[in-house]
Amino acid sequence: MQARHKSMKAFGENLADANEQLKIINNSNGFPHFDEKFEIVGEGPLRAGKVEILQVNVGKMCNQVCKHCHVDAGPDRKEIMTKETMQYCLDVLANNDIPTVDLTGGAPEMNPNFKWFVDKIKKLNKHVIVRSNLTILETNGYADYAEFMANHKVEIVSSLPYYKKSFTDRQRGDGVFDKSIAVIKRLNELGYGKEETGLIFNLVYNPVGAFLPPSQEELERDYKRELRDNFGIVFNNLYTITNMPISRYLDYLLQSGNYESYMQKLVDAFNPAAAIGVMCKFTLSVGWNGRLFDCDFNQMLELGLIDDAPKHIKDYNASLIEGRRIVTGQHCYGCTAGSGSSCGGATT
Amino acid sequence: MDTYYDPKDLKKFADISEGAPELWKKFNEWYGAVFKAGALSEREKSLIALAVAHAIQCPYCIDAYTQASLEKGADLEQMTEAVHVASAIRGGASLVHGVQMKNVNEKLTM
Ligand code: SF4
Ligand code: SF4
């Protein structure tokens, strides 16, 4: 599969449309509906609990165009959260006991109000996680962002799909591995990834192809050993994340003829223990335009919150949000396969 | 039967239990235990399995253990080295039997 330089949307590809994606994933022949399978867990239908993490997608613009991106992000994407919408988020955070804010994108740093937003959230005494793609921290105009995040005690979570160059560059673009390593060295110098500093730096593995991730614990040992021995770098935890059959990864599955067998793999690997820990139970996702979703994946599929739950962050109402039924689809099998998968890695 | 090997047949592996369910159960338990992480990691065990699969040239096992190796965190480089190990042993094993040829040659020729 060729490297991408623009999003699917920029090329007007069919799959850039959420409805086209839904048509494919929800018409999978023969697989039981996710809700049926979830019954095995014995908790009734999937419902949300208290919101512990507000995951805010501050925009789809990104300096990278990774082949598997579930956001279809890229330099051409113009959807960026406004300061006004950020203020709605801050109001909700000020008035509710939501301890953690998880900033994602695109490259969240590319939102022009990123620093302002982080600063305001920290003033509310919330823990802030930034999903940084690393290379942005080396890009012109962003040179001081790493220091800014260190000064604000921001936790950084970054993708490094493998501890070697080949797999990483194949998924994320030529040169990404070397740049990422250089940035990680700088983050380490700032104290990131070192127990004693409290500056948390976690890495994310996701499979470079149509297969499921390895055991998180075992792979973390390999990553730690290889990255320390070969590059002298350290990090806190490795999260293994399963690729969801949506957006550009769905495109890859279809183009490579792996779609059916990958879905079969996800369904066969359904694990009730992993299903108990799905992240939508404790995470609420906010889109660039303020719309609310059960998770970042539902956001990309434009599946908003269920009927009577509020639709926009400015209408946030804890009593209507907590306990709501989660909007599910066949893509949910991506969260429950094997050891499970979430923005915090395996769920078991 | 059009061909001796059909990828779909791999899914029928468990049907082997029909003739001897107890033995299948024992095989399964043992097999499962063998591949659990121990002194060797799951990735290392998958790579050994992949190498053996090439040595015995079993297409089912090559398919299954290429997938398993990827899912245990190996990459193409590691898998290729594993296949070279199997090939080197196969090649070397043939070559080392050359000493028998030499023994016989020595005995029979002047
Ligand atoms: S996966 Fe992350 S870094 Fe890659 S294109 Fe998508 S948002 Fe950007
Ligand atoms: S895809 Fe979203 S809604 Fe479905 S189980 Fe995963 S987190 Fe929950």
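These notebook entries record what I looked up in a predicted model.

**Conventions.** I number residues from 1 along each chain as its sequence is written, with chains lettered from A and ligands numbered from 1 in the order in which they are written. Local features need pLDDT of at least 70, side-chain atom pairs count only at pLDDT 80 or more, totals for chains, interfaces and linings use all residues, and side-chain values use heavy atoms, with hydrogens and water left out.

**Interface.** I looked up the contacts (heavy atoms within 4.5 Å) and found 15 residues of chain A against 13 residues of chain B. The buried area (accessible area, 1.4 Å probe, that two parts lose on being put together, summed over both) is about 1,100 Å², and carbon and sulfur atoms give 43% of it. Lys164(A), Phe211(A) and Glu218(A) supply 37% of what chain A buries against chain B, more than any other three residues. I noted 4 salt bridges between the two chains (side-chain nitrogen of Lys or Arg within 4 Å of a carboxyl oxygen of Asp or Glu). Lys164(A) forms a salt bridge with Asp75(B), at 3.0 Å, N to O.
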